[in-house]
Amino acid sequence: MAATSLLFKRVAALAATPNQTPTIFRGSFNSLKHLSTSAASPQTPKPDTSASKNPNLKKRKKKKNLFEVAQFLPNWGLGYHLAKSHWKNVSYEITKINLNKDGRHGKAWGIAFKDGLPAADSPKKISGVHKRCWRYIPGLRKLSENPPTLPQSTETATKGEGLAA
């Protein structure tokens with residue numbers, strides 16, 4: 001205790017003289033630090049709970065933006081349905097994609113679908129394509145895959161046969 005009070009007096013005297021170098025303070029503060037930490041009990045190291053030591057812990061799956069999802073689909077996802085993971089019964093059928101050089105950024109356009117039916121006739125620019133919450137919707141079929149066929153009248157069928165003969 002006497003050594004500590006003597007040390008405090010020395011530090012106070014050095015602080016009163018402004019022309020002293022700061023190296024003296026370092027030495028005195030280091031000795032104070034040593035005195036205060038020597039009496040402390042040693043801490044036990046915490047066990048490492050990394051996934052490499054415990055295979056039962058699962059790593060968190062990194063979400064993907066629209067372009068990272070579309071790159072694995074044929075033709076960069078044109079004609080396929082993509083949606084944000086928190087959307088219910090809403091998706092976009094991708095009609096056009098403009099990519100930057102890196103393949104992870106760009107712009108995308110598509111037709112909005114609600115409950116499997118088109119909500120609009122023309123494509124619009126998709127907002128939030130860089131947010132990491134996009135997923136592929138496999139259940140919805142592509143409209144361009146099976147275009148609607150119009151029934152032919154009997155008059156046009158007979159005219160086509162007459163011209164071929």
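A residue counts as exposed when its relative accessible area is over 50%, as buried when that area is under 20%, and as partly exposed in between. The legends below use these words for a predicted model.

View 1. Of the 165 residues in the protein, 22% are buried, while the accessible surface comes to about 13200 Å², with 57% of it belonging to carbon and sulfur atoms. Among contacts with a separation of 6 or more, 48% are made by residues 24 or more positions apart.

**View 2. Trp-76 in the loop between helix H3 and strand E1.** Helix H3 covers 66-70 and strand E1 covers 81-84, and Trp-76 is found in the loop between these two elements. Although Trp-76 is not a glycine, its phi is positive, at about 55 degrees. The relative accessible area of Trp-76 is 31%, a value that lies between the 20% and 50% cut-offs, so Trp-76 is described as partly exposed.

**View 3. Asn-89 in the loop between strands E1 and E2.** Asn-89 has its place in the loop between E1 and strand E2, the latter covering 90-99. Asn-89, which is not a glycine either, has a positive phi of about 60 degrees. Because its relative accessibility is 56%, which is over the 50% cut-off, Asn-89 counts as exposed.

Methods. Residues numbered from 1 in each chain as written. Predicted model: local features only at pLDDT ≥ 70, side-chain atom pairs only at ≥ 80, totals over all residues. Heavy atoms only, no water. Buried < 20%, exposed > 50% of the residue type's maximum accessible area, 1.4 Å probe, protein only. Contact = heavy atoms within 4.5 Å. Areas by Shrake-Rupley, 256 points an atom, 1.4 Å probe, with all protein chains shown as cover. Helix = DSSP H or I, 4+ residues; strand = E, 2+ residues; numbered from the N terminus.
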